[in-house]
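Please keep the sequence and the 3D view at hand while reading.

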Amino acid sequence: MNKEFKSVAVLKSKPEKREELKNALLQLIDPTRNEAGCIYYILFEDKKFLGTFYMWEAFKDDKAFEFHTQTEHFKNFAGQMHEWMSEPIQLIELERISGG
């Protein structure tokens with residue numbers, strides 16, 4: 001049985017690029033949610049540290065996540081993210097260990 005791929009991506013903007021990064025991330029939402037393997041894809045911003053974004057994401061398995069990273073919309077974002085971000089994406093993979 002394939003396990004779901006769950007993660008939180010941490011994306012920190014350059015101070016002057018907060019709105020640009022936020023808008024670019026918002027543009028990823030609908031096309032990603034329309035991918036067959038996407039379970040959820042939700043964007044948050046840290047209220048205390050504006051410009052720090054968290055993409056909470058789940059895909060049906062590792063292959064669905066890999067597919068996501070090869071889509072045109074993600075590749076377009078990845079090709080420009082260095083312009084907006086103060087450091088590389090931190091991808092934190094999660095494993096659920098309790099019920100909800």
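Glu-20 has a relative accessibility of 38% and counts as partly exposed. The model is a predicted one, and it holds 6 salt bridges. Three of these pairs are described below, among them the one formed by Glu-20.

**Glu-20 and Lys-17**
- Glu-20 and Lys-17 meet through their side chains in a salt bridge, with 3.5 Å from N to O.
- Lys-17 is partly exposed, at a relative accessible area of 24%.

**Glu-45 and Arg-18**
- A salt bridge joins the side chains of Glu-45 and Arg-18, with an N to O distance of 2.7 Å.
- This pair links distant parts of the chain, since Glu-45 lies in strand β2 (residues 38–45) and Arg-18 in helix α1 (residues 18–33), 27 residues apart.
- Glu-45 is partly exposed, with a relative accessible area of 24%.
- Arg-18 is partly exposed, and its relative accessible area is 24%.
- Arg-18 and Glu-45 also belong to a network of salt bridges that includes Glu-19.

**Lys-12 and Glu-87**
- Lys-12 and Glu-87 form a salt bridge in which the closest N and O atoms are 3.9 Å apart.
- Here too the pair links distant parts of the chain: Lys-12 is in strand β1 (residues 5–12), while Glu-87 is in the loop between α3 (72–84) and β4 (90–94), 75 residues apart.
- Lys-12 has a relative accessible area of 31%, so Lys-12 is partly exposed.
- Glu-87, with a relative accessible area of 37%, is partly exposed.

Note on methods: Residues numbered from 1 in each chain as written. Predicted model: local features only at pLDDT ≥ 70, side-chain atom pairs only at ≥ 80, totals over all residues. Heavy atoms only, no water. Salt bridge = Lys/Arg side-chain N within 4 Å of Asp/Glu carboxyl O. Helix = DSSP H or I, 4+ residues; strand = E, 2+ residues; numbered from the N terminus. Buried < 20%, exposed > 50% of the residue type's maximum accessible area, 1.4 Å probe, protein only.
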